[in-house]
Amino acid sequence: MSEFLVSLLGERLVNSEKAEVDVQSLGAKLSLVGLFFGCSLNAPCKQFNGSLCEFYSRFKKTSEHKDKLEIVFISSDQDQKHWQDFLQEMPWPALPFKDRHKKMKLWNKYKVTSIPSLVFVDAVTGKVVCRNGLLVVRDDPKGLEFPWGPKPFAEVVAGPLLRNNRQTTDSSSLEGHYVGVYFSAHWCPPCRSLTRVLVESYRTVKESGQKFEIVFVSADRSEASFKQYFSEMPWLAVPYPDEARRSRLNRLYGIQGIPTLILLDTEGHMITRQGRVEVLNDPECRLFPWHPRPVLELSEANAVQLHEGPSLVLFVDAEEEGELEPAKELIQPIAEKLMAKYKAKEEETPLLFFVAGEDDMTDSLRDYTNLPEAAPLLTILDMSARAKYVRDVEEITPAVVDQFVSDFLAEKLKPEPI
């Protein structure tokens, strides 16, 4: 256990008294670590920290599992005094302020896109046990459901589901179907835009004879807004008053923002978290049920994924449709090998793969990241760390790409600022 935690967090943490904490001394019984990502200047982080302190204190005093849990603060503060002042309010240790490289690795590894965020990970393997610890603190204040591990979708969604004609059906009717779990709200403009497209995609897939259903999990602020929004949808919904079930579904999939469309196979296993991107990229639904593709053509619809973790982008001189295929074929075997390796470990791939031609969006990306105009140009962009890695060579071969990826994952490359 301690060997893994040392590789994840380093050998030393610090506490509110500025004393060092030996990671190996966190306890032989430790089975779960909560990584609290936050910032002292963020009001929601300050508010959540108060709730988390109450939760932690109660857990340590009353739970039979008190020795099995520890929390570690991962700060995004830029000012050391602000960080130190915030740490004074915490009864748990933190990653040292100066260890920014390790902080960034943890943000990327656990796909943190907003703060505050609390991710519970297995202390032995580092695998995610629960992505949305904020809901754990809210919904299970006494820690009775420890260790908050994932449950089968069928168990979490169990109960009546609504149709917009006010009839109900039992969730067991989803058996044998591909299912889209749609987290959305009427007050969110991107949600409403996606819903219009998703209605057409839903009808196209159903008309093709596929067993497909969508379950709307509302984040609306009132039942009246929910009813108005749901009236536009031809699929099912969790009843709005059933806040506990809606929260459990949010917790199950670690929802950090909306709209989010989770796609499940007929056994209830996740196909992709990127249903939104897949639907927008495939309006004719030719690629349903939208299994992840190793390499994507960079577009306005999927560019949001550049902010979800490090991404390899191969820029090529291509303006016409189909001209990107040779570039995709060049890097596809490397992307497939990496996906297979991490899928076998039940982990998310640490690198996304894109090819980009010449268009206004690509030009804007080059300008924003201050990349040279060369094409072909092999890059890795880490937007959250504001870092880039560039391999500017005359000929880009599979061997060049493979070595570039290996060096990046082994942290042998020196980043340049974006």
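How many residue pairs are in polar contact across the interface of domain 1 and domain 2? The rule finds five, both residues at pLDDT 80 or more. A polar contact is a pair of N or O atoms within 3.5 Å; within protein, one must be able to donate a hydrogen and the other to accept it, and residues adjacent in sequence count only through side-chain atoms on both sides.

## Model basis

This is a predicted model: local features need pLDDT of at least 70, side-chain atom pairs need 80 or more, and totals for chains, interfaces and linings use all residues. Residues are numbered from 1 along each chain as its sequence is written, and side-chain values use heavy atoms, without hydrogens or water.

## Domain 1 against domain 2

Domain 1 spans 3-139 and domain 2 spans 153-281; such bounds come from an automatic or database domain assignment. Their C-alpha centres are 32 Å apart. The two bury about 790 Å² between them, 43% of it on carbon and sulfur atoms. Buried area is the accessible area (1.4 Å probe) lost on being put together, summed over both parts. In domain 1, Arg 131, Asn 132 and Leu 135 lose the most area, together 47% of what that side buries.

## Strand E12

Strand E12 covers residues 260-264. Strands (E, at least two residues) are DSSP runs, numbered from the N terminus. All five residues of E12 are buried, that is, under 20% relative accessible area (1.4 Å probe, protein chains only). Thr 260, Ile 262 and Leu 264 point one way; Leu 261 and Leu 263 point the other.

Conventions: Buried < 20%, exposed > 50% of the residue type's maximum accessible area, 1.4 Å probe, protein only. Helix = DSSP H or I, 4+ residues; strand = E, 2+ residues; numbered from the N terminus.
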